[in-house]
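Student: I would like to learn how to read a model feature by feature. Can you take me through one?

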Amino acid sequence: AGGKLTTYRLIAEETIDGLAKERGLKLPRCRTADEPLVESGATQFSGIVPPKFSREAVDHFCRNEWAVNLDDIMVRRSSWHYYDLDAAAEAQQAANWMAEIFSWTPEQKKAQIARYNAIKCSQPL
C-alpha cells in the first residue's frame, strides 16, 4: 500500500481498525486522525512542516544534523527553498550565519551561494 503524507494517517487508521475488527480484538478506536502531527508551540526543526526561518534553526541543522553546505540547509534540512517566497534572501542570510558557524572565508561563502544558486536553478519550485 502506498499513499501521500496527507493520506498516510487515514491509511494507518483504517488498517488498524480493520485488523482489530477482522481478528475480533476489542481495541479502542484508532486515534491517528485526532492526534496532532506537531505539538502546539513545540520548537521543532526536523518535523513535518518547515520550521520558521531563523538563526536558531540554521545553527541546529549545522550542529545537530551535519549540514555543511548552504543547499543542505535550504533544500534538504528545512525545505525553505520550496516553501518560502523569499528563499533567495534567506539563503544569503543563512550563508552569513553559516560563515560564522564554520569560520568560512569570504571566498568560501561566495562558493556556497554559487553552489546553492546552481542547485536552485536545477530544482523545480
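Tutor: Gladly. Keep in mind that this is a predicted model. Start with the elements.

Student: How many helices and strands are there in the protein?

Tutor: The protein has six helices and zero strands. Read from the N terminus, the order is α-α-α-α-α-α.

Student: What share of the residues counts as buried?

Tutor: The figure is 30% of 125 residues. The accessible surface is about 8700 Å², and carbon and sulfur atoms hold 55% of that.

Student: Which residues of α5 are buried?

Tutor: First the general idea. An α-helix has 3.6 residues a turn, so residues three or four places apart point the same way. Now the case. The buried residues in α5 are Ala 87, Glu 90, Ala 91, Ala 94, Ala 95, Trp 97, Met 98, Ala 99 and Ile 101.

Student: How do I read a core?

Tutor: In soluble globular proteins, nonpolar side chains tend to be buried together. Here the largest nonpolar core has 23 residues. Val 58, Leu 70, Ile 73 and Met 74 have the most contacts inside it. Helices α2 (55–64), α3 (70–77), α5 and α6 (106–122) each supply at least two residues of this core. The largest share, eight residues, comes from α5.

Student: Which residues is Val 58 in contact with, leaving aside neighbours within four places in sequence?

Tutor: Val 58 is in contact with Ile 73, Trp 80, Ala 94, Trp 97, Met 98 and Ile 101.

Student: Which residues form a nonpolar patch on the surface?

Tutor: Ile 16, Leu 19, Leu 25 and Leu 27 form one. Together they have about 360 Å² of accessible area. Ile 16 sits in helix α1, residues 5–22. Its relative accessible area is 43%, so Ile 16 is partly exposed.

Student: Next, backbone angles. What should I look for?

Tutor: Most residues other than glycine have a negative phi, and most peptide bonds are trans. Two residues are worth a look here. Trp 66 is not a glycine, yet it has a positive phi of about 60°. Ser 103 also takes a positive phi, near 55°.

Student: Where does Trp 66 lie, and is it buried or exposed?

Tutor: Trp 66 is in the loop between α2 and α3. Its relative accessibility is 72%, so it counts as exposed.

Student: And where is Ser 103?

Tutor: Ser 103 is in the loop between α5 and α6, just after α5. At 59% relative accessibility, Ser 103 counts as exposed.

Student: Let us turn to charges. How many salt bridges are there?

Tutor: Side chains of opposite charge can pair when their charged atoms come close. The count here is six salt bridges. Take Arg 76 and Asp 71: their closest N and O atoms are 2.4 Å apart. Arg 76 is partly exposed, at 45% relative accessible area. Asp 71 is buried, at 1%.

Student: A last point. How far apart are Glu 35 and Arg 9, in sequence and in space?

Tutor: They are 26 residues apart in sequence and 9.7 Å apart in space, C-alpha to C-alpha. Glu 35 lies in the loop between α1 and α2. Glu 35 is partly exposed, with a relative accessible area of 36%.

How values were computed:
Residues are numbered from 1 along each chain as its sequence is written. This is a predicted model: local features need pLDDT of at least 70, side-chain atom pairs count only at pLDDT 80 or more; totals for chains, interfaces and linings use all residues. Side-chain values use heavy atoms; hydrogens and water are left out. Helices (H or I, at least four residues) and strands (E, at least two) are DSSP runs, numbered from the N terminus. Buried means under 20% relative accessible area, exposed over 50%, partly exposed in between (1.4 Å probe, protein chains only). Accessible areas come from the Shrake-Rupley method with a 1.4 Å probe; for residues, only the protein chains shown count as cover. A nonpolar core is a set of buried Ala, Val, Leu, Ile, Met, Phe, Trp, Tyr and Cys residues joined through side-chain atoms within 4.5 Å. Contact means heavy atoms within 4.5 Å. Patches are made of residues with over 30% relative accessible area and no salt bridge: like charges are joined within 9 Å, nonpolar side chains (Val, Leu, Ile, Met, Phe, Trp, Tyr) within 5 Å. A salt bridge is a side-chain nitrogen of Lys or Arg within 4 Å of a carboxyl oxygen of Asp or Glu.
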